[in-house]
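The following paragraphs walk through the packing of one protein model. Please keep the sequence and the coordinates at hand while reading.

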Amino acid sequence: ERVMTATNRATNRATNRTQTRALTRALTHPGVLTAVGVLVVWLAAAAALRSSDLVPYPWELIRQIIDDRLLLTDHGGSTMATALKGLVLGILVVIPLAVIGLLWRPAEAVVMRIAVIIHVIPTVAVAPILVVSLEGDYGRIVITALQVYFPALVGVIYGLRQADRRVLDVIHVAGGNSWQGLVRVRLAAAAPSIVSALQIAVPAAILGALISEFFGASKGLGVLLVNAQQGFLIDRTWAIAVVVGLVATFGYGAVSLVGKWLVPWGSDEASVGDAVAGADAGRRSLLASTVSVLVTAVILVGGWQSVLTGFDAEPFFTKGPVDVWRMMTEGNPGTGSTAGRFWSTFGDALGQTLLDAGVGFVVGSVIAVAAAVALDSLPRVRAGVMPWAVVLRSVPMAALTPLLVLLFGRGLGGVTVIVTLVTFFPTLVTVMQGLRAAPSGAVDVIRASGGGARQAVTRVKIIYAVPAMVAAARVAVPGALAGATLAEWLATGEGLGYMLTLSSTNADYLQLWTAGILLALVALVLHGVLGVIDRFVTRRLGAEL
């Protein structure tokens, strides 16, 4: 009996120790610690801003979501349907364009230039036209697809370049052509990047659907959000923003799970190879570059005029290439403003926007790269942090801007925070994918030499991720310009964002279109510079490694 009693006591102590260790591991899990940290910051912000009622307490928000559950469900169904259709449409357009650009290299430059132009043109300029011109919900679906396709296009093209050149050489020596190399090698190599592109695209689709409902929709979370803001219903505004973020997080998680199932090799390091991702970017002659620029210009101008003619657009609201050219050279006949005055106003506004976008881009990129390196070294922390990054990316800036302005002011600080939030998430996801592109053999050498995860990242992975950083910058730069104009529109009253808003308010659509087109051209020039850097870096790294 004494032996049995002692045995039972020992068993109970062992069980208690096991349960204590399990509870300790659960409480110290990075996801739990991150959630606690977010809750603490939330409570502190709500307490500090209690006099303005800009931030509700968590229990107030939960009560609001419960009270509005039927309203959120009813309107949310419409928004999610638009987001899904826009996501599918965007991906269906992106993949063929990426394949065409890969198989016929001169077409890639044309595709990317057109993508940048369309991506940067302010939504406030094109959304009303699309909503009025396209029947039913098609206009909102197209607006959603426009939010999806650019980051997805860059991610897919980057992924298709990740194939090992030695394997492609084997296909070529065996008599295979570029199409067979695409089907047999490149698609498998690109699968992890395609998954990453979809992870970026899902929150973008939901946010795009929400934005599309700002322009004349009768139903949807966007409509509900606008009504809540106009009625100063702060708790409902936050409830909508949080629900949107949670749905986007669920979509991100679903894509991640499906990606791990379909692409199990995507979460591991790449196989041993002698080239970095994207190192097959070929040189372009001056003649080829000139021809691609001319082809891009013809497609853009011809397509622009064809759309206006085909949809029989109202001339008062929509302006064609000839109208914009006359505005730039002769001035605005409607207001009597001269071309010189327009260029002076535009130049001042552009300088402010470039400053706002540049500072936000640098800050967002540095933080995103540092976070990607840290999360790659700490996989358990990554699992806890990434859902919050998705939520932050998916919350509409229109809901966060009043709080950000109150906390950081209407100057450069507030704009920098907004632009950083816009550029952080796509850069983070793309760079993390680039870190996983490092060959496992090189990583194993570091580990066999006694190095840890940090040494593997800093000495090997970060080098192989350089092309991914450039690819991320090609997404982030247009995004930074769009974020800067958004911040200027909603907060600062300066820069091109305010100029465009003022033009829309005053019904000066000629100035609105001209300034929007010039902004897109500036983004195109910056994107072209990054393209040159991309080709230089990938060739040098591919040759040296």
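Does Phe 346, at 5% relative accessibility, count as buried or exposed? The model is a predicted one. Phe 346 counts as buried, because its relative accessibility is 5% and the cut-off for buried is under 20%. Trp 343 falls in another class: its relative accessibility is 37%, so Trp 343 counts as partly exposed. Phe 342 is buried, as is Phe 346.

A pair of aromatic rings is described by two quantities, the distance of the centres and the angle of the planes. For Phe 342 and Phe 346, the ring centres are 5.9 Å apart and the planes are at 20 degrees, so this pair is stacked. Both residues belong to helix H14 (residues 339–377), where they are four residues apart, about one turn of the helix. For Trp 343 and Phe 346, the centres are 6.1 Å apart and the planes are at 90 degrees, so the pair is edge-to-face. Trp 343 and Phe 346 are separated by about one helical turn because they lie three residues apart in H14. In total, the structure holds four aromatic pairs.

In soluble globular proteins, nonpolar side chains tend to be buried together. Here the largest nonpolar core has 78 residues, and Phe 346 is among those with the most contacts inside it, along with Phe 150, Leu 153 and Ile 240. Helix H22 (residues 509–544) supplies the largest share of this core, eleven residues.

What surrounds Ile 240, leaving aside its neighbours within four places in sequence? Ile 240 is in contact with Leu 72, Leu 221, Leu 224, Leu 225 and Ala 228.

Helix H3 shows how burial can be arranged around a helix axis. The buried residues of H3 (residues 58–67) are Pro 58, Glu 60, Leu 61 and Gln 64. Seen down the axis, these buried residues fall within an arc of 160 degrees, so they line one face of H3. On the other side of the helix, Ile 62 and Asp 67 are exposed.

Key. Residues numbered from 1 in each chain as written. Predicted model: local features only at pLDDT ≥ 70, side-chain atom pairs only at ≥ 80, totals over all residues. Heavy atoms only, no water. Core = buried A, V, L, I, M, F, W, Y, C linked by side-chain atoms within 4.5 Å. Buried < 20%, exposed > 50% of the residue type's maximum accessible area, 1.4 Å probe, protein only. Helix = DSSP H or I, 4+ residues; strand = E, 2+ residues; numbered from the N terminus. Contact = heavy atoms within 4.5 Å. Arc of directions from axis to C-beta. Phe/Tyr/Trp six-rings, centres within 6.5 Å; stacked < 30°, edge-to-face > 60°.
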